[in-house]
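Open the model in a viewer and keep the selection panel at hand. The stops below are given in the order in which to select them.

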Amino acid sequence: MLSVRDVLEKTIARFAQAGVDSPRLNAELLLARALGLTRGELLGAGDRKLAPDQKAKFDALAARREAREPIDYILGEREFYSRTFVVKPGVLVPRADTETIVDTLKRELPEAAGLAADIGCGSGALAVTLALEFPRLRVLATDISQVALHVTRQNAARLGAFVHCARMDGLSAVRGRFALIVSNPPYIDPADAEGLQPEVRDHEPPEALFGGKDGVEVAARLLVQASERLAPGGLCLFEHGFNQGQVMRRLAAQAGLRQARTVQDMAGLDRVLLARR
Ligand SMILES: C[S@@+](CC[C@H](N)C(=O)[O-])C[C@H]1O[C@@H](n2cnc3c(N)ncnc32)[C@H](O)[C@@H]1O
């Protein structure tokens, strides 16, 4: 029987060979999961032998990671704004960049209240976080993906947030006027697909990644819808690629939004369009 230390060393080498980033961390997380331990407990149990069923369970998880499936899908969860969200194939893994929207809103509109919409809710990371961080908002989450709406409902229920979910293109099926509209639309240029990490290109849903021509075609359409559905003075925050700040400000102006500006993420890169109706 192999020890925890032996299994870790072999797996780290396999993962490195397969091009997995941070092979040690990935191996430790998966072995800890297979053994039902925390990572700290695992590291103190180097001599422990794996029972055959534990080894089989670990091998199945490790094979998925070796095939470059995102670790978050294998573990079934991801942190966003210090909360744990369920994630699974079919929804985008929420990224830290998207927390820029929440932080920006806290600065710009700390007392945000009224009707809010999150277009393209994915796992519900943004919609649920808004509902919990701004209790005076009533949040509608929309997506074209049934899986996304299912996962958003699941996360809202687990985290105790009230979020209304509806399947539609953008906000095409709603009538109300919103005080706030946020979105992290798909914004990768399909021409850049080949350069993406296999974890993203081969495993995350294409409708969550690719934004049409130059990566901004979908965003342009959703900005028009947002502009039509915002109440006068309402606020709009859209995430975008680090090189799309200028084009997003222009698209916002064309959609009839005012005072468009760009907010940087934690790395100092252009990341969020902020504009008013
Ligand atoms: C980049 S993901 C963002 C997911 C989540 N908001 C997050 O930040 O992790 C984009 C999401 O928009 C959805 N989407 C794409 N086009 C859409 C459209 N026209 N209307 C509504 N949702 C759309 C995708 O299905 C996907 O869930």
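Begin with helix H1 (residues 4–18) and helix H4 (residues 52–66), whose axes lie 10 Å apart and form an angle of about 20°. The model is a predicted one. Because angles under 35 degrees count as roughly parallel, H1 and H4 are roughly parallel to each other. Their crossing is right-handed.

Next, show the side chains between these two helices. On the H1 side, select Val7, Thr11, Arg14, Phe15 and Ala18. Their partners in H4 are Phe58, Ala62, Arg65 and Glu66. Coloured by class, this contact of H1 with H4 shows five nonpolar, one polar and three charged residues.

Now zoom out and colour by domain. Select 4–67 for domain 1 and 75–276 for domain 2. Between the centres of domain 1 and domain 2, taken over C-alpha atoms, the separation is 34 Å.

The last stop is the ligand. Which residues come nearest to the ligand? Select Pro94, Gly120, Gly122, Asn184 and Ala208, which come nearest among the 23 residues around it. Colour the shell around the ligand by class to finish: 12 residues are nonpolar, eight are polar and three are charged.

Terms used:
Residues are numbered from 1 along each chain as its sequence is written. This is a predicted model: local features need pLDDT of at least 70, side-chain atom pairs count only at pLDDT 80 or more; totals for chains, interfaces and linings use all residues. Axes are lines fitted to C-alpha atoms, for helices over the stretch in contact, and angles run from 0 to 180 degrees between N-to-C directions. Helices (H or I, at least four residues) and strands (E, at least two) are DSSP runs, numbered from the N terminus. Angles under 35 degrees count as roughly parallel, over 145 as roughly antiparallel, 65 to 115 as roughly perpendicular and the rest as oblique. A crossing is left-handed if the near helix is turned anticlockwise from the far one by less than a right angle, and right-handed if clockwise. Two residues are in contact if their C-beta atoms, placed from the backbone, lie within 7 Å. Ala, Val, Leu, Ile, Met, Phe, Trp, Tyr, Cys and Pro count as nonpolar, Asp, Glu, Lys and Arg as charged, and the others, Gly among them, as polar. Domain bounds come from an automatic or database domain assignment. A residue is near a molecule or strand if its C-beta atom, placed from the backbone, lies within 6 Å of it.
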